[in-house]
Amino acid sequence: MINFSGRAILLDVEGTTSAVAYVYDVMFPFASRGLTAYLDANWGSPALAGVREQVANDTEVPAAATDRDTFEQEITRLMDSDVKATGLKQLQGLIWEAGFKSGELVAHVFNDVPPALERWHNAGLDLRVYSSGSIHAQKLFFGHTTAGNLLPQFSGHYDTQIGGKRESESYQRIAQDWKVKPEDILFLSDVVAELDAAREAGMQTGLCMRPGNADVEPGHGHQELVSFDEIS
Ligand SMILES: CSCCC(=O)C(=O)COP(=O)(O)O
Ligand SMILES: [Mg+2]
C-alpha cells in the first residue's frame, strides 16, 4: 500500500495504465502497416513538416527531412529497434489518429485505472501523463479507451519534447511547468530507470507490476504496486 499525501500524480502509459501488449501487438503494427499509405497521402503536408525535421535531428540523417525514401527507411529502422525517438512518436500519433477516430483502435486500460482516476480526481489530486508517446497520441489514446473517454481526468500531458524519461532534468522541468513541488508528485511507471530519474528529481515513486511487464531486478528501492487500488 502506498500512502500518498501529495497533490499530484504523474502517470506513465505502457505498462502502467495499459498493457504493454496492446501497444506492441496492436498499436505499433497498425503504425507500421499504415506508414507507406500515410506518407503517400501526406508527404508534403504541414502536419509532416515538423516531424520530418525532428526525425532528421533524431537520426542525424539530414536527408530524412527532404527525401521521402530516406525518411521512410529511417522511420522503419527506428520502429524495428523500438527507439523512443520524438519524431517517430510524433509520426505514430498522426498515423494512429485515423484508427482511433474510426474505432479500429480502442485503447486498453487496466480495470482498476478508470475508477482510480475518478477517485483521485474527485479527491482534488491533479493528474497528468508523461509518456514517450506524443501528446497528440496520448490524447487520442485516453480519449478512446475500452472504458470510454478518460481525457477529462487529466489536466496536462508531457512527452519527450520536455526531455527523455530516464533523465532527472525532465522531471524537474515537469514539476516547474506544473508549478508543483517535486516531493508533492507521485510518479507511477513500470520502468526502474524512469523511476530512478524521477526520484533523483525529488518525486515520490511507485513501480507498477502489471501482467506482461518485463521482470525487474530486486533492490531498486521503489514501492511496488500491482493495482492503482493500492494507492491511498
Ligand atoms: C500514449 S500512446 C503510445 C505509447 C507509446 O508509443 C509508447 O512508446 C509508450 O511509452 P511509455 O513511455 O508510455 O511507456
Ligand atoms: Mg511504461
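Start by selecting Leu-10. Skipping anything up to four places away in sequence, Leu-10 touches Arg-128, Tyr-130, Ile-174, Ile-185 and Phe-187; a contact here means C-beta atoms, placed from the backbone, within 7 Å. Before you go further: this is a predicted model, where local features need pLDDT of at least 70, side-chain atom pairs count only at pLDDT 80 or more, and totals for chains, interfaces and linings use all residues. Residues are numbered from 1 along each chain as its sequence is written, while chains are lettered from A and ligands numbered from 1 in the order in which they are written.

Helices (H or I, at least four residues) and strands (E, at least two) are DSSP runs numbered from the N terminus. Domain 1 (8-18 + 107-230) and domain 2 (23-102) each supply at least three core residues, with bounds from an automatic or database domain assignment.

Next, select helix H5, residues 113-122. Its buried residues are Val-113, Ala-116, Leu-117 and Trp-120. Look down the axis of H5: they fall within an arc of 100°, so they line one face (the arc is taken from directions between the helix axis and the C-beta atoms). What do they pack against? Strand S1 (8-11) and S2. After H5 comes Gly-124, with a positive phi near 90°.

Now jump to Gly-133, in the loop between strand S2 (126-130) and helix H6 (135-143). Gly-133 counts as buried because it has 26 C-beta neighbours inside 10 Å. Beyond four places in sequence, its contacts include Val-13, Lys-89 and Asp-159.

Last stop: ligand 1. Its shell holds 16 residues, the closest being Val-13, Glu-14, Ser-131, Ser-132 and Gly-133; a residue is near if its C-beta atom, placed from the backbone, lies within 6 Å. H6 provides the largest share, three residues. Both domain 1 and domain 2 give residues to this shell, so ligand 1 lies between them.

Conventions:
Two residues are in contact if their C-beta atoms, placed from the backbone, lie within 7 Å. A residue is buried if 20 or more other C-beta atoms lie within 10 Å of its own, exposed if 12 or fewer, and partly exposed in between; C-beta atoms are placed from the backbone.
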